[in-house]
Structures are given as structure tokens and as C-alpha cells.
Amino acid sequence: MTNIAIIGAGLSGLTAATKLNQHANITVFEKAGGVGGRMATRHAAPYSFDHGAQFFLARTAEFKAFISPMLTQGIIAPWDGCFAEFENKKIILKRQWVEDKPHYVGVPGMNAIAKYLSRDLNVRLDVKVQSITKKNDKWQLDDDQGKTLGEYDWVIPTTPAQQASELLPSSLSCYPKLDEIKMKACFSLMLGFEHDLSLAFDAALVRGNDISWISVNSTKPGRGKPFCLLVHSTNQWADDHLYDGSDQVMEYLSSQTSEVIGFDLSGAAHKSLHGWHFANIGKQTGETHFLDMEQQIAVCGDWFIQGRVEAAFTSGFDAATKLIRAL
Ligand SMILES: Cc1cc2nc3c(=O)[nH]c(=O)nc-3n(C[C@H](O)[C@H](O)[C@H](O)COP(=O)(O)OP(=O)(O)OC[C@H]3O[C@@H](n4cnc5c(N)ncnc54)[C@H](O)[C@@H]3O)c2cc1C
């Protein structure tokens, strides 16, 4: 059987791995201690936060079919939240998310989806792939400790574009595209409280501020945790302040959030921060993935399409579909 190494256990990598698993020997390498990538959940007892993707929509027939068993088994559920839009610290629109366009979340956390997908896969966690080198017609992978991770017929990086360009040979025809892609940063501020703040919304888009999003994470289905908030900075503010001290960033984002909602949040019982260097990217045109039959390399990731959960799925799904035909 063909040996394939997939680099990254985010949704694009796990989608490709799940599809290819019947057709080849698959090994997924993930540098983090858990699966999910940017579909992330952080536990800070008694709180838990989805500090990456907040929810996702399912538009294509393929993605709807892919998530259908997860819906049946309660791995995902619609978040019937009350959504608000803020402009200049005022709510200008408020509506209930509706059943005909479900806003899905993982249950009990966003990373439940990746845990479910990886249950029958060979996933090696805490392994950072440092290099891939062609040796005797195979790809040899080495980790950042100088250890060899084996030889593979195919290699499929599914990391953000900048990280993929550090791994891939510059002779590859998709290399100029990798170099061109500029993903944007984002800060996630996590705030936990001893009491319910009784806000007028469950999720809010914020305009005209350095924060862009507030959600009451504890209102998502299956959380059953004390009241907690997840705040995202704008991508621009994060790009400009990525290397500022984390206390300073937390203080600033917390005070901006207090101003927007008109409630002093400085008494939060829990405060933490995550800085995403490669969080997001706007709509792209062109292919959904890259596949080089001669070099035996495929590349996928949301950034081929857009910084969205469904885009990550589509990229991994399309690459795997094409590869299966060739195997
Ligand atoms: C703050 C934030 C908010 C978001 N909100 C939403 C939202 O509300 N709705 C929505 O649809 N989308 C949202 N997104 C986007 C969504 O999370 C992504 O589109 C999707 O999760 C990307 O999946 P992926 O598999 O392409 O990449 P990733 O999830 O980034 O997976 C790549 C994986 O590769 C691993 N990796 C990297 N380098 C190496 C290496 N050298 N060796 C081994 N492993 C490596 C990483 O650790 C990671 O796990 C958000 C993202 C962020 C960051």
C-alpha cells in the first residue's frame, strides 16, 4: 500500500486523512499536543473556551453529508444564539440565528470534531515536522529534534501557507503562490466570571473598534460551564501588536470590550490570551488545493479558498478525491 504522510491535524488534514485511510497507509503528524488546529478548545477549569473558530456554516452538499453523522451522534449541534451587531458601542441589529441556516459548533467544544475524525487514524501528536527531503524516490520526514519520521511515497502539508513554504522545496510550481499568501493575525481574549452578566446577546459582531467579536461561550450547546466570554481582536490590530506583552494586550482588549458592552469587565475571575499568527485570510480565487503527481506532493488548507471551516474541509476533500483516483 502507498504510504502517505499528512502534516497537520486541523480540519483539512483530518478530512484528507479520513478519505484516504481506506486507500493508503496514512500517518498524520501534528506539532501540538491535541488535534483540531484552529478549531480549538482551551480548558481552564471551571471554564472552557473555543478560542479559534466560533461556529461554522455548511453550504455544499459534500460538507453537509460529511457532518451529517456528527450531527446524529451529537458531536456537533446548532448554536441557536441571539446575534447582535455593534456599531460605535451601540447595538444596531439583533436577531435569532435560525434553523434553516444552522450555525454549528462542536460539542462539548469545537475540538470535538477533530477528536471524532481522528478516532481511527494514526495521529502522532507533539511531533513538529522540520524538513522533508527526497531520498531514493521517497520523501523522508525529520522532526525538530533531528529524528527521522520515516519514508513516504506522498507527503501532504496542510499547515498555514507560511509554514508550508518553510517545509516544501522551492522548485515546486505552487511555491510562488505560497510566498504570495499573507494570512492575518488575531488575538483571542478569554474571560471567565463567577456570576452571569446577563448580556443582551450570545454572539456579537463589533464594528468601529479594535475588537471584532464577542461571544458568550457558555451559551453554546453542551458547555454547562459558568459564564464566560470569548473576545477576538480585529486582524489589523493583532497584526500591529502581535509582539506586545500579553498583559498589556489583555488589559487593552478587556477595556475595549467593557466600553462596547457598557459593563466593567476588570473583575473577571479568569483572564487568558492566545495570539494566532496565521488566523485568517479573505476570499481567494483559483484551485482549492495543489497536487503534483510527479513530485508526489499535495498541499491543502483553508487559505486556498478562505479562512473558514468549510473551506478547510473542501480543500482536504478535493485533494484526497483527486489523489484516490490516481492511486
Ligand atoms: C481566531 C479565529 C477565529 C475563527 N473563526 C471562524 C469562524 O467563526 N467560522 C469559521 O468557519 N472559521 C473560523 N476560523 C477559521 C477556521 O478555524 C479555519 O479555517 C480552519 O480551522 C483551518 O483548518 P486547516 O486544517 O486548514 O488549518 P489548521 O487548523 O491551522 O491546521 C493546521 C495544523 O498544522 C499543524 N502544524 C503546523 N506546522 C506543523 C509542523 N511543522 N508539523 C506538524 N504539524 C504542524 C498546526 O498545529 C495545526 O494543527 C477562525 C480562525 C481563527 C484563528
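User: What span should helix 8 have, and what do its end C-alpha atoms show?

Analyst: First, some background. This is a predicted model, in which local features need pLDDT of at least 70, side-chain atom pairs count only at pLDDT 80 or more, and totals for chains, interfaces and linings use all residues. Residues are numbered from 1 along each chain as its sequence is written, and side-chain values use heavy atoms, with hydrogens and water left out. Now the helix. Helices (H or I, at least four residues) and strands (E, at least two) are DSSP runs, numbered from the N terminus. The expected span is 1.5 Å times one less than the number of residues. Helix 8 (residues 309-326) has 18 residues, so it should span 26 Å. Its end C-alpha atoms are 27 Å apart, which agrees.

User: Why do aspartate 302 and arginine 38 count as a salt bridge?

Analyst: Side chains of opposite charge can pair when their charged atoms come close. The rule asks for a side-chain nitrogen of Lys or Arg within 4 Å of a carboxyl oxygen of Asp or Glu. For aspartate 302 and arginine 38, the N to O distance is 2.8 Å. That meets the definition. Aspartate 302 lies in the loop between strand 20 (297-299) and helix 8, and arginine 38 in the loop between strand 2 (25-29) and strand 3 (42-44), so the pair ties together parts 264 residues apart in sequence. By this rule the count comes to six salt bridges.

User: Is aspartate 302 buried or exposed, and what about arginine 38?

Analyst: Aspartate 302 has a relative accessible area of 6%, so it is buried. Arginine 38 has 22%, so it is partly exposed.

User: How do you know that aspartate 50 and arginine 223 meet in a salt bridge?

Analyst: Their N to O distance is 2.6 Å. The limit is 4 Å. Aspartate 50 is in the loop between strand 4 (47-49) and helix 2 (61-72), and arginine 223 is in the loop between strand 16 (211-216) and strand 17 (228-233), 173 residues apart. Aspartate 50 is buried at 1%, and arginine 223 is buried at 4%. A network of salt bridges links Asp50, Lys220 and Arg223.

User: Why is arginine 207 called partly exposed, and which residue does arginine 207 form a salt bridge with?

Analyst: Arginine 207 has a relative accessible area of 37%, so it is partly exposed. It forms a salt bridge with glutamate 85, the closest N and O atoms being 2.9 Å apart. Glutamate 85 counts as buried, at 11% relative accessibility.

User: Which kind of peptide bond joins valine 107 and proline 108?

Analyst: Most peptide bonds are trans. The bond between valine 107 and proline 108 is cis, with omega about 10°. The bond from alanine 45 to proline 46 is cis too, with omega near 5°.

Note on methods: Buried < 20%, exposed > 50% of the residue type's maximum accessible area, 1.4 Å probe, protein only.
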